[in-house]
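Take a look at the model below. We will walk through it step by step, from a pocket to the salt bridges.

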Amino acid sequence: MLERFTERARRVVVLATEEARSRRHEAVGPEHLLMGILQVGGSAVHALEQLHVSPETLRAEVERVLSEIPESVTGGDPSFSPELKAVLEVALSVKRRLTVDTNLLLLALAEE
């Protein structure tokens, strides 16, 4: 599925998965993906700043949301949540784009 993703977008997905794993969450959700986008930085974060969205404030809010997600009782590797799958499907469904970059991931998050 990630073959159309740019290197930076793949890094975002890896960071999202690591974020979920480190918090012992059962699933990687859109919140984890947003945290990955914020960690990678670049043009997607710049776009947020242009919209007068403070990355620091957004990061604090995502941290709050992530802290409310209960830990997994099984402790296994997290899978992609249905919500995250929907976000990735939106990003992949944009026919005018051959690749999925962090900006497109951010727009897909906003769509969902």
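Helix H6 gives the largest share of the lining of the largest pocket, five residues. Helices here are DSSP runs of H or I with at least four residues, strands are runs of E with at least two, and both are numbered from the N terminus. This is a predicted model, in which local features need pLDDT of at least 70 and side-chain atom pairs count only at pLDDT 80 or more, while totals for chains, interfaces and linings use all residues. Residues are numbered from 1 along each chain as its sequence is written, and side-chain values use heavy atoms, with hydrogens and water left out.

What is a pocket? On a 1 Å grid over the protein atoms alone, a pocket is an open set of points where a 1.4 Å probe fits, with protein on both sides within 12 Å along at least five of seven lines; lining residues have an atom within 4 Å of a point. The volume of the largest pocket is about 190 Å³. That volume is the space filled by probe spheres set on the points, and grid points are joined across faces, edges and corners.

H2, H3 and H6 each supply at least two residues of this lining. Among the lining residues are Leu34, Leu48 and Leu106. By class, nine lining residues are nonpolar, one is polar and one is charged. Ala, Val, Leu, Ile, Met, Phe, Trp, Tyr, Cys and Pro count as nonpolar, Asp, Glu, Lys and Arg as charged, and the others, Gly among them, as polar.

Now turn to H3, residues 43-50. Ala44, Val45 and Leu48 are buried there. Buried means under 20% relative accessible area, exposed means over 50%, and partly exposed lies in between (1.4 Å probe, protein chains only). Why do they sit on the same side of H3? They cover an arc of only 100° around the axis. The arc is that of the directions from the helix axis to the C-beta atoms. Helices H2 (30-40), H4 (55-67) and H6 (102-111) are among the elements that cover the buried residues of H3. Just after H3, His52 takes a positive phi of about 65°.

Next comes helix H1, residues 7-22, where Glu19 is found. Glu19 counts as buried because its relative accessibility is 12%. Leaving out residues up to four places away in sequence, Glu19 touches His32, Met35, Gln39 and Leu66. Contact means heavy atoms within 4.5 Å. Thr17 is also found in H1. Thr17 is buried, at 15% relative accessible area. Beyond its neighbours within four places, Thr17 is in contact with Val28, Pro78 and Phe80.

Last, the charges. A salt bridge is a side-chain nitrogen of Lys or Arg within 4 Å of a carboxyl oxygen of Asp or Glu. The count by this rule comes to seven. Glu19 returns here, linked with Arg23 and Glu63 in a network of salt bridges. Arg10 pairs with Glu7 in a salt bridge, with the closest N and O atoms 3.3 Å apart. Both lie in H1, three residues apart, about one turn of the helix. Arg24 forms a salt bridge with Glu71, at 3.7 Å between the closest N and O atoms. Arg24 is in the loop between H1 and strand E1 (27-28), and Glu71 is in the loop between H4 and strand E2 (79-80), so the pair ties together parts 47 residues apart in sequence.
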